[in-house]
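Here is a walk through a structure with several chains. Keep the 3D view open and find each residue as it comes up.

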Amino acid sequence: MSPLADAVQRVRCCSSAGCLASGAGPLRQALETAVARRELQERLVITGVGCLGPCSQGPLVAVDPEGILFGGVSAGDADGLIAALAHRSQAALASEREAPLSWTPAAGERLDTSGPFFSRQRRVVLEHCGLIDPERIEAAMECGAYGQLRRVVQTLTPTEVVETIRRSGLRGRGGAGYPTGLKWATVAKMPQGQKVVVCNADEGDPGAFTDRSVLEGDPHRVLEGMVIAAYAVGADHGFIYIRAEYELAIVNLRRAIEQASRQQLLGQQLFGSSFSFTVQLRVGAGAYVCGEETALIHSIEGGRGTPRPRPPYPAEAGVGGAPTLINNVETFANVVPILREGADWFAAIGTAGSKGTKVFSLTGNVRRGGLVEVPMGTSLATIVAEMGEGTPDGSGIKAVQTGGPSGGCVPAAHLDTPVDYESLQALGTIMGSGGMVVIDHATDMVALAAFFMAFCREESCGKCVPCRAGTVQLHALLQKHLAGEASAADLAQLEALCHMVKDTSLCGLGQSAPKPVLSTLRFFRGEYEARLRPGTAPSPLTTAGAAP
Amino acid sequence: MPTATFHNSDQLAAAAQPFEALQPILLRHHRSPDSLIEILNQAQQFYGYLSVELLRHVARSLALPDSQVFGTATFYHLFRFQPPARHSCVVCTGTACEVNGAAQLVAALEGALRISLGARRSDGFVSLGAVRCLGTCSAAPVLVIDGVVMKHQSAASALATVRELAP
Amino acid sequence: MSVCTLTIDGHAVAMAAGANVLQAAREAGIRIPTLCDLEGLSPVAACRLCLVEIAGSDKLQPACMTAVAEGLEVHTATPRLRDYRRTVVEMLFTEGNHVCAVCVANGHCELQDRAVEVGMDHSRLPYRHPQRSVDLSHHCFGLDHNRCILCTRCVRVCDEVEGAHVWDVGWRGEHCRIIAGLDQPWGAVDACTDCGKCVMVCPTGALFHKGDTAEEKHDDSSRLVDLVRARQARQGSP
C-alpha cells in the first residue's frame with residue numbers, strides 16, 4: 001500500500017526572514033485558505049518552518065513525506081499545489097500505488113535535492129531547522145529537544161559535561177575559534193558563587209545570517225545548549241544578547257523562552273535537581289561593536305557598548321563582575337548533538353584542528369545562495385563553485401570574502417583552501433560567524449576595501465584613538481585611491497597606517513578593521529597601483545613583486 | 001515641559017504623570033539601571049522617539065545621571081532623538097547588497113528625495129537611512145519602506161515605490 | 001605583600017604585586033608617555049600612548065592596565081613603539097582643531113608636551129578640520145570642543161571623585177563628544193557643583209577658567225592624587 005494512502009501530507013513553508021522578504025507570508029496564508037476551502041485539514045497540514053536552505057530560490061516550499069522542494073512559489077500557485085496534493089492523495093487511496101507529484105509552480109521550479117547544494121551538506125547544527133515548526137515546543141520535543149538536558153542533569157556531573165565538550169574539540173563559532181571546552185572549564189573552575197552564561201546573538205557581520213537562521217528555525221536547540229552550559233559551569237542565570245534588526249528571531253526566541261519556562265525546562269530546580277537556570281533576552285540597539293565580548297557585557301549592563309582591555313577576561317569578571325561564559329549561537333547549537341552522539345563522533349567530523357561542521361551564509365555574486373552546513377575542511381571551491389554554482393553570469397569567481405569587516409578576501413587562485421580556522425588565518429582572513437560573500441570580476445577590490453573601512457569607521461565606538469581617528473584617516477586614504485588622486489607615498493602610508501591601527505587598537509574591531517585592506521593589498525595590489533595618479537606610479541621593481 | 005494652564009482634570013493628571021505608559025515597563029524591570037537599553041527600546045516604541053523630557057524621565061526613574069542616560073542612548077544607532085518622518089526609507093548597505101548595487105539605490109533615492117543618507121526631510125515627509133545587513137542577503141539589494149522588505153531593487157523600482165508614498 | 005621582579009628596558013625593577021607596568025616604570029625612572037592616564041582616576045587604556053612590548057607576546061599591551069608579573073620583560077621604546085606613538089599624537093592633532101598659539105593652555109598642555117616628546121614636528125596625516133563648538137554657558141568655566149582629545153579624565157573625575165557625573169561621552173566613533181547632562185549647555189546642568197576638578201585634570205585647553213587667555217591656564221592635574229589620598233586617609237581606607 002502506498003505510504004501516501006494513510007499518511008498526512010505536510011507542506012512545509014519556509015518562514016525565515018529571507019523567504020518572508022520574497023512573499024512567503026501571503027503564500028502560507030493562501031495555502032491555508034486553499035486547504036480550508038477544500039476541507040482537507042484532515043489530510044493536509046501546512047506548517048511554517050525555519051530556513052530550508054537555498055534562499056536565493058525563495059519562497060521555498062517542501063512537500064512531505066518525500067521532502068520535494070519547490071522554489072519561487074507564489075501565492076498564486078497555492079491553489080494549484082493543494083489541488084495536486086489532494087488529487088495525489090485520492091489517487092493513492094484508490095489505486096494503492098505511488099502517485100508521483102508532477103506539479104510545478106508557474107514561475108518557479110522543482111529543486112533537485114540530490115544536487116551538490118544539498119548532497120555536499122552535513123547537517124548537525126541545522127538537523128531540525130526547516131523540519132520543525134519553531135513556534136511549537138512540542139514539535140521540537142518530538143525531535144528530542146531537551147532530552148539531552150534531562151539526561152545531563154539527571155545522570156552527569158558538571159565535570160563530565162565539560163570533559164565531553166573538551167574532548168569533542170568544539171571551537172567557538174563566533175570568530176577566532178577559541179576552544180569551547182577550555183572556556184567552559186575556566187568558568188567552571190572559578191570559585192562558587194554567582195556565574196552567568198551569555199549567548200552572543202549579536203551577529204553583526206554584513207553578509208552573515210547564520211545565527212539568525214538557527215534562532216529562527218530551531219530556537220530550542222540554542223536554549224537547550226545554553227542551559228547545559230549553565231549546568232556545566234555552575235551558572236544560575238543567563239542572557240541572550242540579540243541585535244534588534246533580527247525581529248523574527250526575537251519573536252521566536254521570546255516565545256521559545258516562555259514555552260520552555262512553562263514546561264519547567266527553564267526555571268527553578270530543573271528535573272527535580274538543585275540546578276536552576278533562568279534566562280533573559282536582551283535586545284541591542286544597533287552597534288556592531290557589541291559583538292565584542294567586553295562591549296557586549298557593558299551593553300547587557302545597560303551602558304555604552306565600549307570594550308575594555310582584557311585581562312581580566314569575562315571568564316573571571318564579566319556581567320556585574322561575575323564569572324561569565326560567552327559563546328555564540330552556533331556554538332551552543334552544537335552542544336546537544338555532541339552530548340547525544342558522543343565527543344568521538346563529533347571529533348571524527350572535520351579536520352585535525354577544526355572539528356565538526358560550520359554553517360555558512362552563502363551570498364553575493366553567486367547563482368545558488370543560502371544557508372549551507374558543511375564539514376570543516378570542505379574546500380572553498382566546493383562551497384562557492386560546486387554548491388553555489390558560481391557567479392550568475394558565469395563570468396567566474398574573482399574572490400571569496402569571509403569574516404565580514406574583520407576578515408579578508410581569498411582570491412580565486414586559493415579556492416582549493418579548506419575551510420578551517422588555521423587555513424583561513426594563514427590567508428589573512430577568519431572564519432568569522434559564517435558570512436561567505438562571492439565576488440565576481442565586476443567588483444572593484446579597492447572599492448570593496450573602502451566599503452568595509454566605511455563600515456568600521458561608522459561602527460567604531462570612539463574610545464581608543466587608533467580606531468576612532470585611524471579608521472577615518474584610512475577611509476580618507478582609500479577614497480583618495482578611488483578618486484585616482486593617490487600617490488605611491490599615499491599607498492605606502494595606507495599600508496603603514498593599517499599596521500599601526502591593527503597593532504595599537506584596544507579591541508577586536510579596531511585590530512581587525514585594516515584586515516580587508518591588508519588582504520586586498522596582498523592579493524590585489526595591482527588594483528591599487530593601477531589607480532595611482534599618473535606620474536606617481538611605483539617603480540617596476542615594486543610592481544614585479546606584486547601578487548596577481 | 002512648557003508651563004500651561006490646565007483646563008480640566010484629565011490634562012492635569014496627564015501632566016502629573018507623564019509617560020504613564022512606561023510605568024509597567026519600569027516596574028517589570030524593577031527600575032534596575034542595567035535595564036536602561038531595554039527601557040529605551042520600549043520607550044521609543046511607545047513614543048516614536050526619545051525626547052529630552054522622556055530621557056530625563058527615564059534617568060530619574062532609574063536613578064541614573066542624566067549624562068549617562070544621554071551618553072548611552074546616543075551610542076546606539078537605532079535610537080532617534082527627533083520625531084520620525086511620516087515614511088521611512090531604509091537601504092540595506094550590507095556586503096551582499098553592496099556588491100549588488102546598494103550604492104546606486106542610495107544615490108537614486110538621495111536625488112529623488114532631495115536628502116542625504118541618514119537625514120530626515122525638514123517637511124517630515126520621509127527619512128532616508130541605511131542598515132548594515134538585514135540578513136536577507138539572497139534578496140539583495142534590499143530596500144525597506146515603512147517596514148516592508150522589498151527584494152532585488154533597482155533604482156527604477158525604488159523610485160517607483162517612493163513616488164507612490166502618500167504625502 | 002608579595003613582590004615581583006621584572007625588567008623594563010633591561011633594568012631590573014622590584015615592584016609590589018598588584019601594581020601595573022606604568023607604575024613600575026615610573027618607580028624605575030623610565031618615562032612612558034601617557035595622556036588618558038591620571039593617578040587618582042581609574043585607568044581606561046584609551047589613548048594607547050603607553051603601549052609597550054612584552055617579550056613572548058605579539059600583542060602590544062597598555063602599561064597602565066598591565067599588571068606586573070614575575071619575570072616580565074618589558075620594552076617601552078622600540079622603533080615600532082616610537083613610530084606608533086608619534087602616529088597616535090598626529091591622529092589627536094588632526095582629528096581636532098589645535099592651534100597652540102592662541103590656546104589658553106599653550107606651554108602648559110600635555111598634548112603639546114607629548115608632541116615634543118615623540119618628536120612630532122609636523123603631521124604626516126592630513127588635518128580633518130572638524131566643525132566643533134564652544135560652550136561658555138557656565139559662569140566660571142568654559143569648554144572648547146575643538147581642543148578636546150576625549151581622554152575622559154573630566155568624565156571620570158566628576159563621577160569617581162566629585163560624584164556628580166555631570167559629564168559623559170555622547171554619540172560614538174568620530175562623532176564622540178563630551179556632553180553635560182542631557183547634552184545641555186554646561187551652565188544649565190543642576191548637577192554641577194562648580195568644583196572645577198574637571199578643569200584641573202583636563203590635559204589640554206578644552207576645559208578652562210573663563211577669563212584666562214592664551215598661555216594663562218596653569219592647572220596642575222597631578223594635584224588630583226593628593227586630593228584623593230587625603231580623602232582616603234580621612235575615610236581610613238588604604
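Start with a single residue of this predicted model. Ala25(C) has 24 other C-beta atoms within 10 Å, so it is buried. The cut-off for that label is 20 or more. Ala25(C) sits in helix α1 of chain C, which covers residues 21-27. Now look at what surrounds it. Setting aside residues up to four places away in sequence, Ala25(C) touches Ile8(C), Ile30(C), Ile32(C), Ala63(C) and Thr76(C).

Ala63(C) lies in a loop of chain C, between β4 (61-62) and β5 (73-75). Is Ala63(C) buried or exposed? It is buried, because 28 other C-beta atoms lie within 10 Å of its own. Beyond its neighbours within four places in sequence, Ala63(C) is in contact with Asn20(C), Val21(C), Leu22(C), Ala25(C), Ile32(C), Cys50(C) and Val52(C). Arg48(C) is 15 residues away along the chain, and its C-alpha atom is 9.1 Å from that of Ala63(C).

Stay in chain C and move to helix α4, residues 153-162. Seven of its ten residues are buried, so the helix is largely enclosed by the rest of the structure. The buried ones are Arg153(C), Cys154(C), Val155(C), Arg156(C), Val157(C), Cys158(C) and Asp159(C). What covers them? The cover includes β8, β9, α5 (197-201), β10 (207-209) and α6 (223-235) of chain C. After α4(C) comes Gly163(C), with a positive phi near 75 degrees.

Two of these covering strands lead us to the next chain. Here 14 residues of chain C are in contact with eleven residues of chain B. On the chain C side, the elements that give two or more residues are β8 (167-170) and β9 (177-180). β8(C) gives the most, with four residues. By class, this side of chain C has eight nonpolar, three polar and three charged residues.

How many helices and strands does chain B have? It has eight helices and four strands. Along the sequence they run α-α-α-α-α-β-α-α-β-β-β-α. Chain B has 167 residues, and 36% of them are buried. Take the contacts in chain B with a separation of 6 or more: 58% of them join residues 24 or more positions apart.

Within chain B, find two helices: α4, residues 52-62, and α5, residues 66-75. Their axes come within 9 Å and cross at roughly 120 degrees. That angle makes α4(B) oblique to α5(B). The crossing of α4(B) and α5(B) is right-handed. Which residues meet there? Leu55(B), Arg56(B), Val58(B) and Ala59(B) come from α4(B), while Asp66(B), Val69(B), Phe70(B) and Ala73(B) come from α5(B). The residues of this contact divide into six nonpolar, no polar and two charged.

Chain B also touches chain A. In this contact, 32 residues of chain B meet 41 residues of chain A. The elements of chain B that give two or more residues are α3 (36-47), α5 and α6 (95-99). This side of chain B has 17 nonpolar, ten polar and five charged residues.

End in chain A. The largest nonpolar core has 280 residues, and Val198(A) and Ala229(A) have the most contacts inside it. Beyond residues up to four places away in sequence, Val198(A) touches Gly238(A), Phe239(A), Tyr241(A), Leu296(A), Ile300(A), Val319(A), Thr324(A), Leu325(A) and Ile326(A).

Last, find Arg367(A), in the loop between β10 (357-364) and β11 (370-375) of chain A. Arg367(A) is partly exposed, because 18 other C-beta atoms lie within 10 Å. Neighbours within four places aside, Arg367(A) is in contact with Gly388(A), Glu389(A), Gly390(A), Thr391(A) and Pro392(A). Ser276(A) is 91 residues away along the chain, and the C-alpha atoms of Arg367(A) and Ser276(A) are separated by 48 Å.

Note on methods
Residues numbered from 1 in each chain as written. Chains lettered and ligands numbered in written order. Predicted model: local features only at pLDDT ≥ 70, side-chain atom pairs only at ≥ 80, totals over all residues. Contact = placed C-beta atoms within 7 Å. Nonpolar A, V, L, I, M, F, W, Y, C, P; charged D, E, K, R; others polar. Core = buried A, V, L, I, M, F, W, Y, C linked by C-beta atoms within 7 Å. Buried ≥ 20, exposed ≤ 12 C-beta atoms within 10 Å, placed from the backbone. Axes fitted to C-alpha atoms, helices over the stretch in contact; angles between N-to-C directions. Parallel < 35°, antiparallel > 145°, perpendicular 65-115°, else oblique. Left-handed = near helix turned anticlockwise from the far one by under 90°.
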